[in-house]
Amino acid sequence: MMLTTRGTSRGVRRSLMMAATTSSSIISVRPTTPSFQATTVFPNAGASSKMSCFSFLPSHRGLHVASRPSDLVGNTPLLDLGNMLKSSHNITNGCKLYGKMESLGPCSSVKDRLGQGMIDDAEAKGLITPGKTTLVEPTSGNTGIALAFVARERGYKCILTMPETMSIERRMMLLALGCEVVLTPKESAVFGALAKAQEILTQLGDDGKDGYILQQFENPVNPKIHRDTTGPEIWRDTDGQIDIFVAGVGTGGTVTGVSQYIKGSPEHHCAPLNPNLYTVAVEPQEQMLITVAKGGETIGPQGPHKIHGIGGGLLPPLLDLNLLDEVVPIHSDEAMQMTNELWMTGLPVGVSSGASVAAALKVCQRPENANKVAVCIIPSFGERYFTHPMFAPIKQKAESLVKQPLPEPFDNTEYGFATPRR
């Protein structure tokens with residue numbers, strides 16, 4: 001890689017250096033007034049190149065052009081949630097809370113990174129071939145959507161198994177992307193989806209040789225993609241000032257990978273950036289498996305919950321319990337209440353986002369966290385959850401809306417009203 005940044009600001013140089021660590025491009029930057037010009041050149045980048053191709057064009061408009069949908073994955077912004085701390089929850093100790101907006105990915109969830117990462121890794125290892133291999137995966141929804149859009153982009157057939165409790169919106173997304181969706185009994189949770197995926201695999205060619213399970217719950221790419229991307233982005237965008245990291249646990253990849261990058265992990269050649277980072281895992285109060293694994297006790301009845309995307313009914317093999325400083329259980333009702341509050345601030349997110357923010361607020365309000373910087377993951381966009389029970393009153397209200405008469409000169413009898421004016 002060749003990188004020249006003479007004459008640019010420190011912030012621009014840092015951003016360019018960040019980009020340089022994840023690309024084999026050659027970047028040249030020339031200072032201009034009032035902005036800067038840059039060109040990005042990819043050596044050996046033919047039509048089949050798999051390199052991300054964002055170009056800073058030599059103009060004042062700073063155009064960014066991606067060559068394919070999966071190139072849009074990552075580099076999501078942080079959102080200042082400070083107003084919630086002060087106005088809604090009266091937290092005035094100076095603690096700053098930012099949401100990592102994974103809901104702004106191309107398919108609107110943190111799992112976009114995982115879907116792209118697992119397929120990229122399997123392709124690089126020669127384990128899958130477009131047009132030949134069928135991808136099979138057990139999923140609670142968002143990983144499936146991420147796999148579906150990358151599979152469609154690359155030319156793979158995709159079969160996904162998931163519990164019947166998954167929302168109709170997720171099912172429709174998968175079907176619209178050309179996937180085959182197989183539902184499994186809700187009582188069997190993730191284990192049923194796993195077993196069904198294995199059964200389907202055996203039916204693909206001789207001994208399943210024409211299919212491949214990417215294994216999101218066991219694939220080391222899962223935490224790696226967050227060591228390589230999410231962690232560095234958070235460190236960069238907080239200018240290295242992050243003290244607290246909060247994330248819900250589904251597969252455990254996000255909380256593990258980000259913590260490894262920032263706290264340090266000799267095994268993965270990550271030098272410690274902030275070994276005192278306080279890592280908080282979030283799980284449903286109705287399913288406190290991580291709490292128990294850490295030696296804690298359950299609170300209330302244990303069983304089904306309503307927080308899609310976390311608490312899959314098993315202790316994730318990829319979750320590094322040693323990295324967790326605390327586990328915060330959030331009840332489904334509390335998660336739904338916080339999700340509604342986020343919507344009312346203009347932030348449409350899913351229920352697991354409500355759980356993440358609710359847990360973060362509990363941590364931020366403590367006196368010992370005064371003037372610290374906390375980041376919580378906002379995992380997914382809210383429009384995917386309209387059939388979730390929390391939206392039942394909204395759905396009822398939407399369905400009960402009726403048309404209203406128009407003013408003069410319209411004749412409302414033409415639109416089904418009894419009189420011209422009513």
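This passage describes helix H3 and its packing against helix H4 in a predicted model. Residues are numbered from 1 along each chain as its sequence is written. Because the model is predicted, local features need pLDDT of at least 70 and side-chain atom pairs count only at pLDDT 80 or more, while totals for chains, interfaces and linings use all residues, and side-chain values use heavy atoms, with hydrogens and water left out.

Helix H3 comprises residues 111-124, where helices (H or I, at least four residues) and strands (E, at least two) are DSSP runs numbered from the N terminus. Eleven of its 14 residues are buried, so H3 is largely enclosed by the rest of the structure; buried means under 20% relative accessible area (1.4 Å probe, protein chains only). The buried residues, among them Arg 113, Gly 117 and Ala 122, pack against strand S5 (96-101), strand S6 (134-138), H4, strand S9 (211-213) and helix H7 (221-237). Just after H3, Gly 126 takes a positive phi of about 70 degrees.

H3 and helix H4 (residues 142-154) pack at an angle of about 50 degrees, with their axes 8 Å apart, the axes being lines fitted to C-alpha atoms over the stretch in contact and the angles running from 0 to 180 degrees between N-to-C directions. The contact, defined by heavy atoms within 4.5 Å, includes Leu 114, Met 118 and Ile 119 of H3 and Ala 146, Leu 147 and Val 150 of H4.

How values were computed
Buried < 20%, exposed > 50% of the residue type's maximum accessible area, 1.4 Å probe, protein only.
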